Amino acid sequence: MGAFHLSILVFLPLAAGVVGAFVPERVSRWLVTAATVAVLVIVVAMIADFDKESGGLHYVTDDGWISELGIRYSLGVDGLNLFLLFLTAVAWVFAAVWSSFRETERIRLYFFHLALAETAVLGAFTAQDLALFVIFFDLMLVPFYFLIGGWGEEEISVAATTKFVIYTLVGSLLMLAGAVALGALSAGEGQSISFSLAELQKRSLPEGTQNWIFLLFAAAFLVKAPLFPLHGWVPDTYRASSIPVLVLVSAVLSKVGVYGFLRVVVPILPDAAHTFQTLIIVIAVVSIIYGSVLAFSQVDARMVVAYSSIAQLGFIVLGIFALDPKGAQGAVMQMVTHGLVIVPLFFIIAALTVRAGGSGSLERMGGIAFGAPVLATLFLVITLATLAIPGSPNFVGEFLILFGVFEDKLVFGLVASAGVALAAVYMIRVFQRSMHNRVAEGVQPREAGRLEIGVIAPVAAVIVALGVYPQLLLDRSEEATVSKVREAGRLADASGDAAASEQVPAAPTPVPGTPQQVPPGAGAPQVPPGAGAPQQVPPGAGAPQVPPGAGAPEQVPPGAGAPQEAPPGVAPEQVAPGGGAPQEVQP
Amino acid sequence: MSATGFGWLVLAFPIAGMLVCALGYRKLPGHSAGWIGSLAILGSFAASIGMLFDLLDHPEEERELVDAAFTYFETAGVNVDLSILVDPLSVFMCLVVSGVSFLIHVYSVAYMDGDEGFARYFAYLNFFVFSMLLLILAANFVVLLVGWAFVGAASYLLISFWYRRTTATRAGIKAFVINVIGDIGLVIGAFLLFDATGALDYEGIFAEVNNAFSTNDGTLVAACLMILVGAFAKSAQLPLHTWLPDAMEGPTPVSSLIHAATMVTAGVYLIARTHPLFELAPLAADISAVIGTATLVFAATVAVVATDLKRVIAYSTMSQIGYMILGVSVAAYGAGLFHLMTHAFFKALLFMGAGSVIAAMAGNQSLDRMGGFRKSMPFTFVTFTVGALALAGFPLFSGFFSKDEILAFTLHRGGGFVVLAVVGYLASGLTAFYAFRMVFRVFFRPPVSEARELEHGHLAHADPQNPATGEPEDTGVGFPGPEHHIAERSWPMKAAMGPLALLALVGGFVAVPGLTDTLEHFLEPTFAESRFAESVPSHGAEYAGLGVGALVAIGGIALAFFVYMSRRALRLELRERFTTVHTFLFRKWYFDEIYNATVVRPMTAFGVFGRNVIEADFVQNTIVGGTVGIVRAGSSMARAIQSGYLRGYAALLLVGMTGLGLYFLITAAG
């Protein structure tokens with residue numbers, strides 16, 4: 001596989017989708033499904049073939065593209081994205097298979113979007129050039145916008161897509177601004193602009209500049225994940241989407257954002273990552289607790305999973321911002337395993353909904369297990385994996401994340417571990433309410449059909465296998481992942497030692513106020529001491545600095561840019577009342 | 001075959017049994033699933049014996065064998081092998097667990113006969129035994145955690161085995177969540193140890209622990225307390241005990257196996273296993289001893305007033321585990337584990353007898369309804385009474401030797417431990433009292449109608465009701481409604497109870513002070529490093545302790561006779577005179593109510609608050625509304641030149657922004 005061209009992998013689905021648009025519907029769906037299977041086969045071959053000894057990127061494609069801008073068409077696979085490609089491939093295979101067997105309107109268009117979406121996601125995961133990453137990242141938005149709006153539950157899908165689009169769009173624009181700034185600003189004297197991730201990692205930016213670029217990226221990725229309080233698009237989107245689309249959104253799309261943290265933000269902006277470490281950790285921990293508590297107070301099975309995802313993504317971000325090799329490895333593990341459990345989980349919820357007469361409400365379910373022992377057993381396995389029971393691959397991820405966090409941020413780790421117990425509550429509750437207790441009125445406990453078993457059982461088998469031998473993933477991902485957090489981790493360790501030796505008392509901070517009372521600009525002093533240039537944080541002030549040397553301040557996303565930056569900029573302060581106090585940030 | 005080879009076999013049998021029962025749930029005819037499950041456990045028992053003999057061939061100082069199957073994970077400095085540790089302690093535990101489990105499997109073949117979930121039951125039961133043996137054989141904290149959590153999951157599945165009972169499913173979730181809290185404690189404890197020693201396997205940690213910590217080092221005490229959280233959650237010690245009485249919702253053999261003989265003793269095993277840590281953190285060990293003592297008193301007092309037969313035995317289990325925890329916490333490891341073994345025999349037996357009686361009562365579990373089964377159920381009567389005598393610590397029965405040995409060791413430690421020992425003796429009087437309260441109320445006094453009918457050969461039948469709530473059962477999933485099985489009529493039940501009765505009778509003779517120290521001697525290599533290894537009570541002190549224990553036990557039994565046999569009215573008089581005390585005990589010291597008020601309700605309220613206030617007002621109105629509002633405002637400006645249609649605008653915005661960005665970049669670069 002040494003000479004394999006990665007573009008084939010990335011664009012194979014799109015090619016099938018384009019061809020599929022011109023052939024009979026019957027052929028179209030199988031063409032795209034076959035392409036997703038082919039992608040899976042290729043990725044599995046890559047995993048088998050992966051040579052961890054040689055290190056660095058594999059299957060590199062690196063061609064000049066827009067040379068004036070230093071944008072290169074650069075793709076590559078390493079340990080960090082290898083299993084995320086696997087997750088993507090798995091999710092798309094089963095989404096496509098499921099859709100192929102179901103009645104779907106406008107089949108050719110639907111499968112075209114499905115295929116385009118896979119290409120965009122594969123592209124985002126393999127891109128080694130920041131501009132290319134941004135392009136693929138934005139490209140994802142298009143097919144998902146149509147898939148959610150065009151093939152979902154009619155009555156809520158307009159509102160849902162609006163929210164989804166606006167949220168991710170605002171996020172994307174912020175990231176675009178950040179990417180442009182990063183490329184332009186990091187080019188030093190005599191250097192040409194480059195967006196190559198490897199090159200950007202070598203160049204250095206002043207800490208103040210890093211800080212505001214960091215915030216732009218963080219806003220985009222936190223929306224995508226999503227974490228509290230930027231999850232406003234989640235409820236409607238989860239309610240509105242059809243099951244296969246939901247599988248993709250929840251299992252894969254959510255990982256692109258957190259992947260961005262690990263691939264782009266932490267290695268390229270290590271000072272800023274260190275500066276904002278505590279802030280992001282607070283957001284992650286609040287998301288874990290808040291998402292978990294809301295998950296067990298939902299009556300709709302989908303919404304339980306929706307909020308549980310917020311909590312699980314909180315764990316992943318927590319692991320990344322532990323800025324510790326253990327945490328980062330745990331985060332990668334958790335990205336993959338959370339995605340893997342989500343895929344069957346939604347198909348199971350679909351199966352339950354059918355049996356409960358079309359309702360996804362837990363109050364309308366009950367007693368399905370007796371008529372459907374196979375379905376119940378599969379659900380049990382998935383439930384236990386989702387709540388990260390020791391022995392599941394999810395546990396290995398959470399274990400490493402917690403170990404990483406305990407190392408330097410013991411208190412946050414302890415709070416986060418309460419989320420593990422809460423996960424047991426909400427997952428067992430869903431399992432029990434649907435499978436056990438008396439048979440609810442209108443419930444038909446039928447055994448799982450062939451399609452249901454066909455899409456659930458294989459993923460369950462993968463999960464079990466990965467639970468027995470997690471080293472399969474961790475071994476391959478170690479070198480790439482650990483290198484991403486090395487620099488930021490070194491800074492964190494150094495400051496931790498310094499703080500320990502100096503014994504500086506934490507800066508006194510005011511009592512938490514209501515978020516509305518805090519003006520956006522006032523946020524800066526609250527971030528950890530040492531946050532270089534607070535005056536650059538407020539969006540208004542930050543904007544003019546984007547293009548130094550380039551002269552024209554209007555190059556910044558003009559007009560609309562500034563107000564749009566405001567909400568995410570405000571967000572960090574708003575965390576305060578919801579879940580604790582970011583004011584407690586230590587030196 | 002080597003000892004570790006046998007160790008892997010010990011694990012392989014039950015997992016194979018589980019797979020066969022689970023995959024063949026539709027095709028296995030008749031009782032075959034039950035016999036396959038039983039045979040699998042018999043295989044484990046045989047392999048455990050293989051382990052034992054191989055280990056005995058090694059010289060004493062080389063009886064600690066570790067074998068790794070493969071690397072479980074190794075990354076970022078954390079190195080975990082899938083490995084097992086075979087030493088006298090794990091072999092001893094494997095023998096007890098697989099031996100008792102086998103008998104309970106056999107008992108279950110008859111007891112669960114006719115249940116719709118017959119194959120599922122044995123798949124779960126095999127899974128449980130596998131998990132328990134994994135927990136025991138684990139050579140590091142991660143594998144321990146896997147076994148630990150799987151045991152909790154199996155326990156959950158079996159508690160809510162009759163899953164159409166809402167009381168059973170509620171009990172299941174409670175047990176599961178408390179067990180997960182214990183798991184988290186272990187994870188935190190493992191981290192603290194890893195952080196200081198760089199290892200997660202027992203060997204590595206114990207080798208480093210003396211270098212890494214000084215005595216009563218704060219971190220080490222914290223780590224030990226976290227381990228105790230795990231141990232207490234699993235062993236139902238205060239304050240994490242509330243799940244155990246509710247766990248009695250499961251089928252009676254499950255109560256016998258999991259919630260009496262094996263799983264709940266895991267905490268005792270864990271403390272014994274990690275004793276080098278506790279000896280270096282005596283503060284944590286002392287806390288553990290105090291909590292064990294508090295639990296043994298608490299549970300004994302509740303057992304005195306509980307009226308549900310199974311729950312009396314459940315509280316008795318808590319109480320007896322309190323003795324074991326006390327034992328291993330005062331470094332009386334041999335004594336604690338000895339009691340673990342004898343308790344497994346007599347408590348499994350008591351539950352089996354209770355199952356037989358409850359079947360004869362057509363599912364009714366209330367002591368208030370029972371009486372006079374002595375003539376109609378002679379086999380159950382005799383075996384149950386043997387169990388009760390062993391529990392009470394009647395001279396020469398197994399519990400007599402093991403419990404008094406713990407107390408003798410505690411007394412020998414002197415100082416504040418004397419108080420704990422005295423409390424322990426007092427509670428053992430209560431133990432004898434409630435043990436014979438059961439015997440007298442179930443088997444003596446005038447026979448109730450069910451007992452009279454049975455004397456004439458008719459097994460009682462009633463429409464199945466939930467014993468907890470009285471609501472009619474949904475028999476669709478196989479609650480043992482129409483068919484009940486009593487020991488007198490089912491040979492597998494007899495075949496299981498007979499050997500256990502014998503063991504409850506003579507099991508104590510493996511460790512009679514000064515005569516047969518077989519058990520202590522066998523376990524010695526594991527605890528050879530203990531700083532208390534030489535500090536043991538003299539034989540004289542032990543025999544004095546046995547004497548006191550015998551008097552207390554006989555006193556308790558005599559008191560029970562007085563209250564329940566000779567002065568029947570006294571019971572009601574007492575209850576009326578001490579209403580407050582009785583209510584306090586009967587409500588189980590109000591633990592459930594306190595937890596509801598302090599944990600469950602606030603959590604639920606927070607969830608509702610989050611849903612109704614934070615989500616609606618803050619996230620949706622403020623943030624979403626704000627963002628959408630800003631975008632809308634921008635859109636209305638641009639509405640003149642385009643459709644004003646929001647999504648169209650959004651798409652245009654994206655394209656426009658990208659284009660603009662590129663344009664300015666080109667000029668910048670050029």
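What percentage of the 587 residues of chain A count as buried? The figure is 66%, where a residue is buried if 20 or more other C-beta atoms lie within 10 Å of its own, exposed if 12 or fewer, and partly exposed in between, with C-beta atoms placed from the backbone. The structure is a predicted model, in which local features need a pLDDT of at least 70 and side-chain atom pairs count only at pLDDT 80 or more, while totals for chains, interfaces and linings use all residues. Residues are numbered from 1 along each chain as its sequence is written, and chains are lettered from A and ligands numbered from 1 in the order in which they are written.

The predictor's confidence may be considered next. The complex receives an ipTM of 0.85 and a pTM of 0.85 from the predictor. For chain B the average pLDDT is 84, and 90% of the residues score at least 70; pLDDT is the predictor's confidence in each residue, from 0 to 100. Over residues 640-644 of chain B, pLDDT stays under 50, and the model has 6 contacts beyond four places in sequence for this stretch. Two residues are in contact if their C-beta atoms, placed from the backbone, lie within 7 Å.

Chain A contains 22 helices and 2 strands. Both kinds of element are DSSP runs numbered from the N terminus: helices are H or I with at least four residues, and strands are E with at least two. Among contacts in chain A between residues at least 6 apart in sequence, 81% join residues at least 24 apart.

The interior comes next. A nonpolar core is a set of buried Ala, Val, Leu, Ile, Met, Phe, Trp, Tyr and Cys residues joined through C-beta atoms within 7 Å. The largest such core has 469 residues, of which Val317(A) and Ala348(B) touch the most other members. Helix H15 of chain B, residues 333-360, gives the most to this core, with 19 residues. Leaving aside residues up to four places away in sequence, Val317(A) touches Ala225(A), Leu227(A), Val258(A), Phe261(A), Ile280(A) and Ala284(A).

Ala225(A) is joined to Pro226(A) by a cis peptide bond, with omega about -10°. Pro226(A) is found in the loop between helix H8 (207-224) and helix H9 (234-240) of chain A. In chain B, a cis peptide bond joins Leu238(B) and Pro239(B), with omega about -5°, and Pro239(B) is placed in the loop between helix H8 (218-235) and helix H9 (243-246) of that chain.

Helix H15(B) also has a packing partner. Helix H3 of chain B (residues 88-111) packs with H15(B) at an angle of about 5°, their axes being 10 Å apart. Axes are lines fitted to C-alpha atoms, for helices over the stretch in contact, and angles run from 0 to 180 degrees between N-to-C directions. H3(B) and H15(B) are therefore roughly parallel to each other, since angles under 35 degrees count as roughly parallel, over 145 as roughly antiparallel, 65 to 115 as roughly perpendicular and the rest as oblique. Residues making the contact include Val96(B) and Val100(B) of H3(B), and Ala344(B) and Ala348(B) of H15(B). By class, this contact has 11 nonpolar, 1 polar and no charged residues. Here Ala, Val, Leu, Ile, Met, Phe, Trp, Tyr, Cys and Pro count as nonpolar, Asp, Glu, Lys and Arg as charged, and the others, Gly among them, as polar.

A second pair lies in chain A. The axes of helix H3 (residues 79-101) and helix H18 (residues 450-468) of chain A come within 10 Å and cross at roughly 175°, which makes H3(A) roughly antiparallel to H18(A). In this contact Val90(A), Phe94(A), Val97(A), Trp98(A) and Phe101(A) of H3(A) meet Leu451(A), Val455(A) and Val459(A) of H18(A). These residues divide into 8 nonpolar, no polar and no charged.

Ala392(B), in helix H16 (residues 378-392) of chain B, counts as buried because 28 C-beta neighbours lie inside 10 Å. Leu396(B) lies in the loop between H16 and helix H17 (398-413) of chain B and has a positive phi of about 75° although it is not a glycine. With 15 C-beta neighbours inside 10 Å, Leu396(B) counts as partly exposed.
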